Amino acid sequence: MDKFLVTGGTRLKGQVTVSGAKNAALPILAASLLADGPSTISGVPDLADVRNMSDLLGDLGATVQRDGDGGVRINVEDEGQSHAIYDRVRKMRASICVLGPLLAKRRKARVAMPGGCAIGSRPVNLHVRGLRALGAEIELDGGDIVASARKLTGASIFLGGPFGATVLGTGNVMMAATLAQGQTVIESAACEPEIADLAAYLNAMGARISGAGTPRVVIDGVKELTGAEHTVIPDRIEAGTFMIAAAITNGEVRLSNTNLDHMLAVVDKLREVGVDVEADGGGAVVSAARRIEPTDATTQPYPGFPTDLQAQLMALLCLADGNSVITEKIFPDRFLHVAELLRMGANIRKEGPTAIVTGVRHLIGAPVMASDLRASAALVLAGLVARGETTIARVYHIDRGYERIEEKLAALGAEIRRISE
Ligand code: EPU
């Protein structure tokens with residue numbers, strides 16, 4: 001298992017290109033199962049999760065070819081196998097987004113039920129409720145979700161849950177509804193830009209979707225979808241991580257391939273704590289010349305502050321000049337980074353879904369362990385500014401969602417190395 005060795009203390013300076021969005025690319029790749037004919041997707045990040053999705057699509061009869069430049073060509077050649085096995089799903093929860101396309105195109109699907117994960121319990125009841133509303137029969141058998149439908153029929157579906165909208169649940173129902181008979185209306189749909197990007201791809205394939213990116217999505221079913229070309233949107237979470245990297249090191253970083261319109265809550269929060277964020281062509285310049293101010297932050301569904309940047313923001317606030325309060329409203333248990341940040345000298349007290357972060361003058365390098373993707377990113381950020389050396393074990397978590405993060409950070413002047421064991 002690889003480790004990162006980070007020596008803190010360098011101000012990051014230079015330019016970084018943000019990759020295509022993992023959380024748009026994964027459902028978009030899955031949506032290709034709906035097409036008759038090949039699709040070409042550009043801007044697909046080279047990540048462990050994307051390789052997992054490609055392998056899963058291979059299991060399901062698609063050929064997936066990657067060029068060296070972020071392009072992926074997908075063609076479904078055999079529709080005989082509709083079982084997403086547990087061994088794939090347990091490695092990547094986003095495997096659940098083949099459920100809607102398989103059901104719509106092949107009228108049957110067997111997808112292993114994803115378990116919980118490090119960030120907490122992750123049910124799929126809303127996915128199931130939405131697909132049932134379209135006429136699917138769904139049962140659980142041997143740990144698998146077994147779905148079938150003689151035909152799918154448009155319906156009005158409320159998809160809100162106790163923690164708000166569901167991103168992949170909205171994606172699954174939207175994908176299934178593209179080939180249903182008649183009109184589907186999803187109320188309380190997830191508004192994330194990744195959902196709007198998925199809809200843009202589906203529309204390029206011949207689907208008739210309007211309202212994606214708002215809480216009310218309307219889908220008029222069509223008879224068939226063809227392959228299409230599409231470019232994935234920039235990864236707003238990777239962009240936010242590099243913005244925080246610039247801020248935490250008092251550096252100055254220019255980000256290209258960054259859509260600030262997708263990051264209003266993040267930019268607003270960073271400016272509030274004293275980070276300078278300037279739009280710059282198709283990107284942004286981010287710098288911080290002084291000590292960070294404390295703040296209160298609550299994660300919320302888009303357009304609120306994203307849960308996927310909560311850990312990284314916490315790393316930054318560990319060094320703020322006062323007390324901050326971070327409340328997690330999407331995944332109330334997503335705080336595994338707290339114990340590791342404490343090992344680096346942070347002062348954090350957790351109370352249920354809230355963490356009270358008292359800024360300290362310095363973090364101190366230590367051996368720490370990555371526990372999930374975004375928690376790992378937070379530890380790398382903390383390591384960049386900590387005194388001395390930080391070793392971060394189990395970086396396979398970070399490889400799931402950040403493309404060559406150590407190379408990108410090193411190009412900005414960070415002292416970071418991968419150690420393969
Ligand atoms: N929920 C339910 N029932 C469901 C589905 C979700 O109660 O059927 C709850 C969840 O437990 C959670 C909330 O609804 O409390 C939101 O979960 P959501 O379904 O939106 O999460 P997801 O679609 O499984 C995606 C991202 C996550 C990101 C969340 C929230 C992908 C592949 N994953 O997950 O990304 O944290 O939305 O924005 O798009 C990451 O990239 O590190 C990551 C975890």
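A residue is near a molecule if one of its heavy atoms lies within 4 Å of it. The structure shown is a predicted model, in which local features need pLDDT of at least 70 and side-chain atom pairs count only at pLDDT 80 or more, while totals for chains, interfaces and linings use all residues. Residues are numbered from 1 along each chain as its sequence is written, and side-chain values use heavy atoms, with hydrogens and water left out.

**View 1. The shell around the ligand.** By that rule 24 residues surround the ligand, and Asn-125, Leu-126, Thr-166, Asp-308 and Ile-330 are the closest. At least two shell residues come from each of α1, α5 (125–133), α6 (167–177) and α12, where helices are DSSP runs (H or I, at least four residues) and strands are runs of E (at least two), numbered from the N terminus. The largest share, three residues, belongs to α5. Sorted by class, the shell holds 12 nonpolar, six polar and six charged residues; here Ala, Val, Leu, Ile, Met, Phe, Trp, Tyr, Cys and Pro count as nonpolar, Asp, Glu, Lys and Arg as charged, and the others, Gly among them, as polar.

View 2. Ile-330 places a backbone N or O atom 2.6 Å from an oxygen atom of the ligand. For Arg-122, an N or O atom in the side chain is 3.1 Å from a ligand oxygen, and a polar backbone atom of Pro-123 is 3.3 Å from a ligand oxygen. The ligand exposes 820 Å² when taken alone, and the protein buries 92% of that (Shrake-Rupley method, 1.4 Å probe; for residues, only the protein chains shown count as cover).

View 3. Rolling a probe the size of a water molecule over the atoms shows where empty space is left. On a 1 Å grid over the protein atoms alone, a cavity is a set of points where a 1.4 Å probe fits but cannot get out, and a pocket is an open set with protein on both sides within 12 Å along at least five of seven lines; lining residues have an atom within 4 Å of a point. Grid points are joined across faces, edges and corners, and a volume is the space filled by probe spheres set on the points. Two or more lining residues come from α1 (22–31) and from α8 (236–248).

**View 4. The second largest pocket.** This pocket has a volume of about 350 Å³. Of its 19 lining residues, Ile-248, Asn-250, Leu-319, Arg-361 and Val-385 lie nearest its centre. Both α8 and α12 (373–385) supply at least two residues of the lining.

**View 5. A buried threonine in a loop.** Thr-299 sits in the loop between β20 (296–298) and α10 (310–317). Is Thr-299 buried or exposed? Thr-299 counts as buried because its relative accessibility is 1% (buried means under 20% relative accessible area, exposed over 50%, partly exposed in between; 1.4 Å probe, protein chains only). A polar atom of its side chain lies 2.8 Å from the backbone nitrogen of Lys-329.

How values were computed: Polar contact = N/O pair within 3.5 Å; in protein donor to acceptor, adjacent residues only side chain to side chain.
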